[in-house]
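Have the sequence and the 3D view ready.

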Amino acid sequence: MSSDDCHAEQLEELEALQAIFEEGEVDIQCRDKGSVSLALQVTADLETEFGAGVELLVQAEARAAREDAPSLEQDPSENAGGYKTEELSALELAERAIKDRSKPEVAPVVLNRTKSGCHVTCAEAKVKHLPPITLQLSLPKDYPSCSPPDFHLACVWLDREQLTRLCHAMDEQWEEAQSAPVIFLWADLLRREAATHLKRASACGSSKESRDAVLTLREMEPVCEGSDHDPRAIPECDDPEEALLDLIFFDKRKDLEIWRQQQHLCNICFCEQPGSLFVHLGRCSHSFCKTCVTAMAELHVREGSVAELLCPEPKCRAEIAPGALEEVLDEASYQRWHRLKLQRVLASELEGIVFCPRCEESSRETPVLPQAGSDENELPVARCTRCDYVFCGKCLGPYHGAHEACLHPEERAAQVAMRRLESNDTMSAFERRKAKREATKGYAVGVYLGEPLPPLDAAGYVASEMDRTDIAEGDQAIAVFSGPPDGTGSKLWDIDKDSVAGLQKVLEDTPRPFTLRLRSCKPGSSMERLRQRKLMEELLTLKAMAQDSQRCPSCHVRVQRSAGCNHMTCTQCRTHFCYRCGKQLDSDDPYSHFGRGSCTTFDTEEVQRMAAEERRGGGLFVDEELQRLRNEFGDQAQLFAQFQAAAAHGTRPRVGGRAAVVRRRQAGDVQCPTCAQWNGRNGTLNHIRCAACRSSYCGACRRRIQGVVTNHFRGEGACPQHAPAGT
């Protein structure tokens, strides 16, 4: 056979190998004549020798402690987390805390001791899959007519002796092939014989009491001169413990590949989808479909409740890892989550961290650790590392020392808003002075009988355009006079002496005609006025929130109560606190605060609202709930009086608090086994959801359904999913 014929047959064999083996198992490195080379990844057939689903107990060879061996004790310069005690900024500490939480909880590697008590360590773990054997081939010019391929065998879990036996078996296979293509035969031999060698070694290494297949990883010994080891056998186990970790990681990746090819049920939407469309949450073993996780993550990131990004399983509630969030969120949403997470870590876990107020005005966030004063009465001073701004670490205002009181939060918010109003870099100094002179002149307009009032905002500026040409949007009201604009009327309101809040009432109460003096807006300042109006609305919103909200004692986020008791839970940091006094409550027993202190569980207005809802619901009442409240929350006189008054008009106790869903029994209704509420079927479907307690139950057997609803109607002897027509 000529060299051209040999090369053609080699190329045909390569095409056949690519068709037989899966993608990634064949790596053709060169196709040129005379230098064809490739690498095969051959997986051992463990199921034939050990059975399906077998777990191999992999042990790293025990090594006695030597004087030159590295110490296993922790470096005293490291902390409990394994980090060197170095100087880190607050931002770096927060970043490190987030990364540490994202690490999955992996089961620790088991370490055994010998019975003699010597300092010998033996790490072991169970795996189902082993890495493939690498067969590196180089085809000579006269293959397959005369010469066999040059090859090398490399494997991490076979020792040199086992690989040498496989090399000899491959040589015998070539002799039997009689100048025929032999690469596929070699791959099949390796698949079978590698598992056979492993089983023999396992039988010698395992004890009689143990039924597990044992694989022992041994340190590769140097080759001695005159040994019978084949140079083509290359064991890759330089360090048994590192090799064990490689086997564990490979086994996890293989399990994940198999899992992604199977169908799974999402416990959120109860839809079956392939595992490739699921997302692993990282900190736990649970996974859900990407659609549900994306919707949940986007909702919490948009609302800022990053503390609620937990595993949806009720008994788990582990934190979702950053890698899972990065997989489902877009870049902008992920950056927002990262920013909110940093703020939460800095505010709740790194004590004393504050943010530079000047950088915040520039839409930047710079965490600063204030320095405590030498005296107890001296306030902490903070210096921003980005803009070198020095401020008070308590009130975040300019540093004032102990001789001045700290700024009130509302006063500081007003100062920030005024600085934003005054900052305008688009005008030169000359233009600023000219606009200021023109703005102070002002002009007078008359408001006569039958004419509408100018639309003024909370700051006294014209909020929108009018049909009148003598009043422009953005002009400011500076004075109100009685009578027409002839200069004879008396002054009723002045911006320099009176409050802007009373301007609207003066305009409404003043009889027509009257004169309104306006100050012209700055040239080209329509956008400026819009920003001023928004800032004024923001100040009014902050003032309203301060009057009807309470700060979280941990992260200082304002929380507003819509209804319910005075026990609040912060959505940012999950801190329990009292809405009346603002004190932090014990998370294990938060309601003990209301039993021993002056704070009541329910305010008077809330009790009255609840009583009104009870009356609208038909006067039904739960006497058991009243007794529980009395025993648990202390004497709440007004609350109990309202409850007792509602009970006096009722007829029977009910379970639950949904009076609005109580209805009369109708034909075909099925009674809920949990709360005894009568509910109708949805068509002929036997799966019924109670309108009162929201529990699921079967309309055929009248029993409550727990877990996956569809499993109740599957299998032999299960209830029918649909009732007969007319039932």
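Contact here means heavy atoms within 4.5 Å. Helices (H or I, at least four residues) and strands (E, at least two) are DSSP runs, numbered from the N terminus.

Before going further, a word on the source: this is a predicted model, where local features need pLDDT of at least 70, side-chain atom pairs count only at pLDDT 80 or more, and totals for chains, interfaces and linings use all residues. Residues are numbered from 1 along each chain as its sequence is written, and side-chain values use heavy atoms, with hydrogens and water left out.

**The sheet and its helices**

Two strands count as paired if DSSP finds at least two bridges between them. Strands of a sheet pair through backbone hydrogen bonds, either parallel or antiparallel. Strand β2 (residues 36-42) pairs with β7 in the antiparallel sense over seven bridges, and Leu 40 stands opposite Leu 135 in β7.

**The protein as a whole**

The protein has 18 helices and 30 strands. Of its 727 residues, 37% count as buried; buried means under 20% relative accessible area, exposed over 50%, and partly exposed in between (1.4 Å probe, protein chains only). Among contacts between residues at least 6 apart in sequence, 55% join residues at least 24 apart. The accessible surface comes to about 43,200 Å², of which 49% belongs to carbon and sulfur atoms. Accessible areas come from the Shrake-Rupley method with a 1.4 Å probe, and for residues only the protein chains shown count as cover.

**Salt bridges**

A salt bridge is a side-chain nitrogen of Lys or Arg within 4 Å of a carboxyl oxygen of Asp or Glu. By this rule the count comes to 14 salt bridges.

| Arg 232 | Asp 171 | 2.6 Å |

Salt bridges that share partners join Asp 188, Arg 191, Arg 192 and Glu 193 into one network. Within it, Arg 191 and Asp 188 both lie in helix α5, three residues apart, about one turn of the helix. Arg 191 is partly exposed at 24% relative accessibility, and Asp 188 is partly exposed at 27%.

The salt bridge of Arg 232 with Asp 171 links distant parts of the chain: Arg 232 is in the loop between β9 (213-217) and β10, Asp 171 is in helix α4, and they are 61 residues apart. Arg 232 is partly exposed at 21% relative accessibility, as is Asp 171 at 27%.

**Backbone spots worth a look**

Which bond joins Tyr 143 and Pro 144? A cis peptide bond does, with omega about 10°, and Pro 144 sits in the loop between β7 (133-139) and β8 (150-155). The peptide bond from Arg 512 to Pro 513 is also cis, with omega near -5°; Pro 513 is in the loop between α13 (503-509) and β22 (514-519).

Phe 270, a residue other than glycine, has a positive phi near 55°. Phe 270 lies in the loop between β11 (263-265) and β12 (272-274) and is partly exposed at 46% relative accessibility. For Arg 702, phi is near 65°, again positive in a residue other than glycine. Arg 702 lies in the segment after β30 (696-698) and is partly exposed at 43%.
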